[in-house]
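The entries follow in the order in which I made them.

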Amino acid sequence: MVGKVFAVVVILITLVTAYCVIAHVWWMPVDISVHGPKIDHQIEETMLAAGVLFVAGQIVLAAFVFLYGGARNKLRQIPGGAKPLVIFAFVIVGAEVLALSAIGSKAWGAVYFEAPDPGSIHIDVQAGQFAYYFRYPGPDGTFGALHPELINEGTSNFFGLDTDHDPDAKDDIVTAELAIPVNKPILLTLHSKDVGHSFDVRELRVQQDFVPGLVIPIHFTATQTGRYEIVCTQLCGLGHYNMKAYLSVLSQADYDEWLKKQAAMQ
Amino acid sequence: MAQTSVRAVAHHAPPQGFVRKYIFSVDHKVIGIQYLTLSLVAAFVGMALSWAMRVHLAWPDVRIPLLGWLSPAGAPGGVMTPEYYLSLMTMHGTIMAFFVLTAAPFAGFGNFMLPIHVGAADMAFPRLNMSSFWVTFVGFLLACATFFIPDGPPLSGWTAYAPLSAVGPVAGPGQGWGQNLWGLSIAMFCIASLLGALNFIVTTLDLRTKGLKLSRLPLATWGWFIDAWVSLLAFAVLLPTCLLLVLDRLGGTSFFIPGGLVFNDQLQPHSGGSPLLFQHLFWFFGHPEVYIIILPAFGIVSHIMPTFIRKPLVGGWKVITFSEIAVGTLSFVVWGHHMFVSGMSPYMAMVFSVPTLFITIPSIIAVLVWVFSLYGANIRFATPLLYSLGFISLFISGGIGGFFLAQPSTDSYLHATSFVVGHFHFTMGLSAIFATFAGFYYWFPKMFGRMMNEKLGKLHFWITFVGVYCIFMTMQLTGFAGAVRRYSALVDDFMIPLIPANRFMTVAALLTGAAQFIFLYNAIWSRFKGRKAPDNPWGATTLEWDTTSPPPFDNFGGRQLTVYHGPMEYDGEASVMQTSPEASVAGT
Amino acid sequence: MNQSELMIALSELAVATEHEIQMEESPYGIDKKKLGMWIFIVSDACTFGAFLFAYGYMRIGAPVWGTPFGFSSIMNGMVMTAVLLSSSLTMLAAVRAAQSGTKALAEKWLAVTMILGAVFAALHLREWFKLFGEGWRLFYNPTGGAQQFGATFFSVTGLHLTHVVSGIIALAFITRGYNQGHYDESHVETAGLYWHFVDLVWMFVFPLMYLMNAR
């Protein structure tokens, strides 16, 4: 009796879980990046492989518990003993993980192994407790040097730019929102002013930590206009839950307009 | 080797007086119970913290009883501040991972059972063993003390990533003495674990009784033995990591703090350190740590199952043991999969991804052994077996999540989501807890001489089993929607639709937590009023069942045992004790 | 011999054979103190390894490291190395003497070992104070290079020095107990294992921390 209840409970849990996955009760938002479909595909492939193992594992467990409760006269061992199990694990699971690695490395490589397009729009991103700031190089196309000792939130010098002496810094455009043109390759350089943070845009399928002391490049191309949340996913202190900014993917004309307005506001 | 002098091992006289007998006892059985008691207290503390966190997540404005009293600053009027949420989260992780999951299945049951399993009178180094426990105890007190200092507990998570954990109070509340005490507490835990691991290894190798070849070692002992090796190497690296962290905080060094950091517009005096160094050192320990937690569970479940299915495991001792050895070994080369999005070289990510995927092979072999051992069995559904079955189901459910997190491409989406939190709660949290419950119900009669109540045990099982699935499967699946972990409030646009799911998890957590009081009641009631336990209530074959319940001071009343069989001599109703010279029934 | 027998035979290799010794307590028993010491050494080696890994990581990451040790410091280090190596030899002599039952001789060699250990520690502290005098601190580099030199040098050599000093204290206890008959040659041998390990660690620390930082 107990065994049969256990089997039914396990099967029910398996079915509910499978339903939630298949019906996408909680699922990824629609992808808006060029590299994203590869990642989505990889997640679906992995879900298929892992899902089959999950369902099969739970069902076999439930079935055996259902069938073999109580004292019977004759004990049985599975034919062949452990050998088929070990072979299954090595051959089937081994092949599965090799295939996943091989295909997955392509998805990963599409994001990380390829150099950014030389024509990318370069935007500098700084994270700090608990806000992001974005910097566009301005008309001269060059970023001013950073002087951490000059950082002063009171005067809105979030990056520590020396606008008095550094001509490159003079025309840098600093914003609290990240706006990018659609269908253009974007290169971000991430650096943190204090502790670890992260740059996570679910729709872009981009998540990359800010590591203090490092400047980490990341590149992508957005394919749909819209407004998306950038959230911090690396524990950074008390305001972690509320550390966010917005990513606006704009048409080229809107982007140019936006940038002009931002430049005027500096 | 043969001529080395072997003298009487662990022949100390029975202790006299209350203090020597129950407090500063060198008896491994008392120490084992001390560890289990400490873990039980720690588990309820950790659970209370998780209750508070879950309630706050689901209903941010609810006043939580006692919390306002515990910390008037952190939870004014019982409504917690964001920083206090993170402090509770940090302490929940620290207490559960170290003082419950690492301590109970390994140090708790291992201490009580390992010397008995090998037919010895005590551990190889009884006094060292006692100091292990008391160092752990002081470590636990230090961790708890953080609640009562003005600054409050640290908020940098159980992983204590630098530089948040390293720069000191400028990084926010809780990053003062709370973080220092945390570092010292974990350093003490490391020392205790190292001494314990050393003791376990020497006891297993050195104190085995006649005829107890390694191939005849009970499977739980195999689990502890392999685990001791992993602990020995992993905690040896966490210890210096904690020391360097404390040096950064108190000695002004910059191991983990780079230059040019600015807090409140103030440039920090550090330069040249590397947060990635901290992550490498921490995860070099941290990944083996999850196997340190789960390997004793593997052992305990493999030990318990044959008793209740009345047949040996498929593949005998070898297949399951070699899987454990493979898991333990591989665990040292996979740590980088925690750092896929941390700015480590993307090529290194591939290097770490492949062994991480391959570690699923021995894990799956272990699962297949457990599941297919049930085929054609005569299953007796006692509470210990139910928990073992629950363990298998939970381990499968969590284990498959590993496929997603082992690949950098899929991890880059799921990293730091609640998928990860659900995954590790299934694999190391719940699996280890279920194995611990299995062990507790199984060994309780031996430890205290009384049976636990079966009805209450089963009730406890059903609520817990269904409850944890409601909590953690929901948690795992909401990760696909991008739910970010370690958030003290759900305020992002995409987090708000997840509030109903979070309320569901909170209700499930409250109910599941409440069910643990059934267990507590059962344990305490049975300890004093339970049915008297016979020497071998389950019809088992290993050495602990070949002595009285509870065992005498020297475990076997002066008998010198000889072992003739492996630990899994079961054939339906028939079974043969390891120490019985009768013919084998299962051919092990 | 089939495969399973082979596996069992292999696993048995690690321990003493079953039937040779019919000891009362443990048929598998090799000296548990010695085994325990070996296992401690494995663990402690990992701890040193982590410190040295941190040192390497810091050093590779530093644009300018700065190498403070002049001729006199290197010579001092050479002398320290010679002293510590000699102490390993005298330790060996003590173990030999203890095993052959010449107790008085063993005690003498133990005393020499402790004295050599103390000389090493004294030379080491002299080096430290010289560096302090030049302005080096855990967190400060007076030459303007990476501040990690002080942090790594003092923590690695400090850890080693702690091992030497605890070794001297342990040797003192063992010598006293050996003299009074509580301890026997196996205790001396186990202490010797530790002492040789500390010596071995120095053979890594010296080139990495001194020679590689020679001016």
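Is the crossing in which α4(B) passes α7(B) left-handed or right-handed? I looked it up, and α4(B) passes α7(B) in a left-handed crossing. Left-handed means that the near helix is turned anticlockwise from the far one by less than a right angle; right-handed means clockwise.

**Ground rules.** I am working with a predicted model, where local features need pLDDT of at least 70, side-chain atom pairs count only at pLDDT 80 or more, and totals for chains, interfaces and linings use all residues. Residues are numbered from 1 along each chain as its sequence is written, and chains are lettered from A and ligands numbered from 1 in the order in which they are written.

**Helices α4(B) and α7(B).** I noted helix α4 of chain B at residues 82-117 and helix α7 of chain B at residues 219-251. Helices (H or I, at least four residues) and strands (E, at least two) are DSSP runs, numbered from the N terminus. The two axes are 10 Å apart, at an angle of about 120°. Axes are lines fitted to C-alpha atoms, for helices over the stretch in contact, and angles run from 0 to 180 degrees between N-to-C directions. That angle makes α4(B) oblique to α7(B). Under 35 degrees counts as roughly parallel, over 145 as roughly antiparallel, 65 to 115 as roughly perpendicular, and the rest as oblique.

I then listed the contact residues. α4(B) brings Phe106(B), Gly110(B), Met113(B), Leu114(B) and His117(B). α7(B) brings Ala220(B), Thr221(B), Trp224(B) and Asp227(B). Contact means C-beta atoms, placed from the backbone, within 7 Å. By class I get five nonpolar, three polar and one charged. Ala, Val, Leu, Ile, Met, Phe, Trp, Tyr, Cys and Pro count as nonpolar, Asp, Glu, Lys and Arg as charged, and the others, Gly among them, as polar.

**Helices α4(B) and α6(B).** Next I checked α6 of chain B, residues 177-206. Its axis and that of α4(B) come within 11 Å and cross at roughly 25°. α4(B) and α6(B) are therefore roughly parallel to each other. Their crossing is left-handed. Residues of α4(B) that meet α6(B) include Phe98(B), Gly110(B) and Leu114(B). On the α6(B) side I marked Phe189(B), Gly196(B) and Phe200(B), among others. The residues of this contact divide into eight nonpolar, seven polar and no charged.

**Core.** The largest nonpolar core has 342 residues. Such a core is a set of buried Ala, Val, Leu, Ile, Met, Phe, Trp, Tyr and Cys residues joined through C-beta atoms within 7 Å. α7(B) gives the most to this core, with 23 residues. Ile201(B) is one of the residues with the most contacts inside the core. Leaving aside neighbours within four places in sequence, I find Ile201(B) in contact with Phe225(B), Ala228(B), Trp229(B), Leu232(B) and Ile39(C).

**Chains.** Of the two pairs that touch, chains A and B have the most contacts. Chain B puts in 90 residues and chain A 86. Helix α11 of chain B (residues 360-373) gives the largest share of the chain B side, nine residues. Chains A and C share no contact; their closest C-alpha atoms lie 11 Å apart.

**Chain C.** I counted six helices and zero strands. Buried residues (20 or more other C-beta atoms within 10 Å; exposed is 12 or fewer, partly exposed in between; C-beta atoms placed from the backbone) make up 39% of its 215 residues. Asp31(C) sits in the loop between α1 (3-13) and α2 (32-61). Asp31(C) counts as partly exposed because it has 18 C-beta neighbours inside 10 Å.
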